[in-house]
Amino acid sequence: QVQLVESGGGLVQAGGSLRLSCAASGSIFSSNAMGWYRQAPGKQRELVAKITSGGTTNDADSVKARFTISRDNAKNTVYLQMNSLKPEDTAVYYCAANLWSGSSWSNYWGQGTQVTVSS
């Protein structure tokens with residue numbers, strides 16, 4: 001059974017930094033794109049950043065130059081370094097990954113980690 005486990009969320013003051021991690025475990029033979037989404041109260045879930053297995057990244061305009069996504073393919077882990085955080089970055093952050101379990105490519109989601117930025 002494949003699981004995505006996130007860590008690194010918390011409470012931080014505006015201008016501060018946090019680093020999120022997401023490790024995929026279970027029967028994983030290969031990984032494709034991995035990424036981070038977020039959902040603020042009363043809003044739809046939105047893409048924050050994603051990265052292909054080859055390292056190509058795609059960031060939302062709202063986080064460009066502040067957030068950096070990276071991954072360690074050997075560990076099936078994706079990271080999100082968040083700098084210059086703003087109160088509007090407050091949300092539940094979800095990890096997502098497209099993984100090959102040996103029989104099919106499937107999309108998996110983590111349970112979410114809360115990020116709260118105080119002004």
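Residues are numbered from 1 along each chain as its sequence is written, and side-chain values use heavy atoms, with hydrogens and water left out. Since this is a predicted model, local features need pLDDT of at least 70 and side-chain atom pairs count only at pLDDT 80 or more, whereas totals for chains, interfaces and linings use all residues.

Four strands form an open sheet whose order is 1-3-8-7, with antiparallel pairing. Strands here are DSSP runs of E with at least two residues, numbered from the N terminus, and two of them pair if DSSP finds at least two bridges between them. At the edges lie strand 1 (3-7) and strand 7 (67-72), each of which pairs on one side only. On average, and with direction ignored, neighbouring strands of this sheet are turned by 15 degrees against each other; the axes are lines fitted to C-alpha atoms, and angles run from 0 to 180 degrees between N-to-C directions.

Within the sheet, strand 3 (residues 18-25) and strand 8 (residues 77-82) run antiparallel and are joined by six bridges, and L20 stands opposite L80 in strand 8. Strand 8 also pairs with strand 7, again in the antiparallel sense and over six bridges. In the hairpin of strand 7 and strand 8 there are four residues between the strands, and N76 takes a positive phi near 50 degrees.

Buried means under 20% relative accessible area, exposed means over 50%, and partly exposed lies in between, with a 1.4 Å probe and protein chains only. D72 stands opposite T77 in strand 8, and T77, at 7% relative accessibility, counts as buried. The side chain of T77 reaches the backbone oxygen of K75 at 2.9 Å. Leaving aside neighbours within four places in sequence, T77 is in contact (heavy atoms within 4.5 Å) with residues including C22, A23 and M34.

R38, in strand 4 (residues 30-39), also counts as buried, because its relative accessibility is 6%. Its side chain makes polar contacts with the side chain of E46 at 2.7 Å and with the side chain of Y93 at 2.9 Å. A polar contact is a pair of N or O atoms within 3.5 Å; within protein, one must be able to donate a hydrogen and the other to accept it, and residues adjacent in sequence count only if both atoms are side-chain atoms. Leaving aside neighbours within four places in sequence, the contacts of R38 include F67, E88 and D89.

Turning to the aromatic rings, the count comes to two aromatic pairs, where rings of Phe, Tyr and Trp (its six-membered ring) pair if their centres lie within 6.5 Å, and planes under 30 degrees apart count as stacked, over 60 as edge-to-face and the rest as tilted. The rings of W100 and W105 have centres 5.7 Å apart and planes at 55 degrees, so this pair is tilted. W100 counts as partly exposed at 27% relative accessibility, as does W105 at 42%.

Charged ends also sit over rings, which requires NZ of Lys or CZ of Arg within 6 Å of the ring centre and within 35 degrees of the ring normal. The charged end of R19 sits over the ring of Y79, 4.2 Å from its centre, and that of R45 sits over the ring of W109, 4.7 Å from its centre.
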